[in-house]
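Thanks, everyone. I have one model to go through today, so please have a look at the sequence and the structure before I start.

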Amino acid sequence: MIQRYDLAPLDGITKVVFRRVWNRHFGGADRCFIPFFSPTDHHVMTARDFRELDPAQNRDLPSVPQVMSCKAPDFVWATEVLGDLGYTEVNLNLGCPSGTVTAKGKGAGFLAKPEELDRFFDEVFSQVKLPVSVKTRLGISDPAEFERLLEIYNRYPIACLTIHARVQKEKYRGPVHLEEFGRALENSRNPVCYNGDLRTVAEVRTLEERFPGVESVMIGRGAVADPALLRKLRGGPAATREELQAFMQDLYREYQAFYGQVGTAAQRMREVWFYLIHLFDDAERLNKKLRRFKNPGEYEAIEAAIFAELPLRDHSEGDLI
Ligand SMILES: Cc1cc2nc3c(=O)[nH]c(=O)nc-3n(C[C@H](O)[C@H](O)[C@H](O)COP(=O)(O)O)c2cc1C
């Protein structure tokens with residue numbers, strides 16, 4: 001039985017303004033993961049990093065910060081700073097598939113070096129004061145790599161092992177590897193959270209039936225594509241057109257206040273619409289315009305047309321990317 005719903009970190013999308021506004025309008029997440037913070041060996045938190053992690057901005061949200069590092073001293077330093085800011089858990093990113101990240105041996109790139117990962121955990125768990133959870137993939141190119149990785153994870157008291165059921169090479173596309181996830185769930189000594197491609201209430205229920213032992217799921221793109229998804233999972237109603245419009249208007253306003261520039265705010269809105277547009281029928285023409293608008297005025301006109309003209313579905317359809 002699923003007892004916990006986590007909002008996934010989506011760098012560039014579920015940043016602090018989105019999390020705040022989304023929680024106010026829809027919510028339903030037990031925990032919201034903050035997109036990764038990447039410490040350097042200078043051990044300074046930049047103003048930009050702090051803006052995202054600032055406890056005042058994240059107040060009233062059950063937030064878990066995420067750190068991406070392959071160096072134990074940097075990771076431990078980050079946990080200390082985050083502890084001082086009041087956070088009670090830190091998540092390690094072992095899932096980011098981007099080439100620039102993996103080339104540095106970070107994110108999913110760390111999964112290519114199990115012995116180093118083992119040494120990293122050994123050093124980290126002998127020093128950290130806060131609980132550490134991990135967000136991982138199944139491996140680099142073959143899900144069978146997970147057996148070896150799980151042996152390592154099982155040696156440490158990981159607060160929760162969130163598994164995105166793909167390998168690094170698959171990025172965010174193609175079918176998820178549910179069989180391998182099932183083996184991981186059976187053999188993990190630590191609590192396991194499922195992540196990957198959950199878009200509708202029916203999909204979550206199907207997963208729950210197949211894996212009754214899974215206690216938590218993490219949802220990312222599905223919660224942007226249908227902002228009421230987590231609310232519905234808790235028995236609440238689907239989003240109405242008025243609610244969605246109020247949500248998007250609030251988001252636009254808060255982006256403008258946060259960035260101080262209406263152009264940047266409109267760009268951010270385009271990224272949200274990339275997913276949200278699939279909640280509307282007959283959206284092709286306006287979606288094309290959304291991808292191409294050149295200034296905030298054009299954006300505002302397209303948004304108004306979407307809400308005035310397009311029929312709303314009660315759940316998102318189609319691929320997440
Ligand atoms: C645009 C984008 C940004 C992401 N940023 C992060 C991140 O900062 N940290 C992380 O662990 N995962 C990140 N992810 C991965 C998601 O957290 C999640 O694992 C992935 O989208 C699969 O879950 P979903 O199908 O529910 O979206 C990102 C994914 C996307 C598409």
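How many Å separate the centres of domain 1 and domain 2, taken over C-alpha atoms? The centres are 28 Å apart. Before going on, a note on what this is: a predicted model, in which local features need pLDDT of at least 70 and side-chain atom pairs count only at pLDDT 80 or more, while totals for chains, interfaces and linings use all residues. Residues are numbered from 1 along each chain as its sequence is written, and side-chain values use heavy atoms, with hydrogens and water left out.

Domain 1 covers 4-233 and domain 2 covers 241-309; those bounds come from an automatic or database domain assignment.

Now the interface. On one side, 18 residues of domain 1 are in contact with 16 residues of domain 2, contact meaning heavy atoms within 4.5 Å. About 1700 Å² is buried between domain 1 and domain 2, and carbon and sulfur atoms give 67% of that. Buried area here is the accessible area (1.4 Å probe) that two parts lose on being put together, summed over both.

Four salt bridges are counted between the two domains. The rule asks for a side-chain nitrogen of Lys or Arg within 4 Å of a carboxyl oxygen of Asp or Glu. Helix 1 (16-25) and helix 10 (221-225) are the elements that give two or more residues to the side of domain 1 that touches domain 2. Helices are DSSP runs (H or I, at least four residues), numbered from the N terminus. The largest share of that side, eight residues, comes from helix 1.

For the model, the salt-bridge count comes to 23. Glu254 and Arg24 form a salt bridge through their side chains, at 2.6 Å, N to O. That pair links distant parts of the chain, with Glu254 in helix 12 (residues 241-259) and Arg24 in helix 1, 230 residues apart.

Last, the ligand. Which residues are closest to the ligand? They are Pro9, Asp11, Gln66, Asn195 and Asp197, out of 19 that surround it, with a heavy atom within 4 Å as the criterion. An N or O atom in the side chain of Gln66 is 2.7 Å from a ligand oxygen. For Asp197, a backbone N or O atom lies 2.7 Å from an oxygen atom of the ligand. Tyr172 places a polar side-chain atom 3.3 Å from a ligand nitrogen.

Note on methods
Polar contact = N/O pair within 3.5 Å; in protein donor to acceptor, adjacent residues only side chain to side chain.
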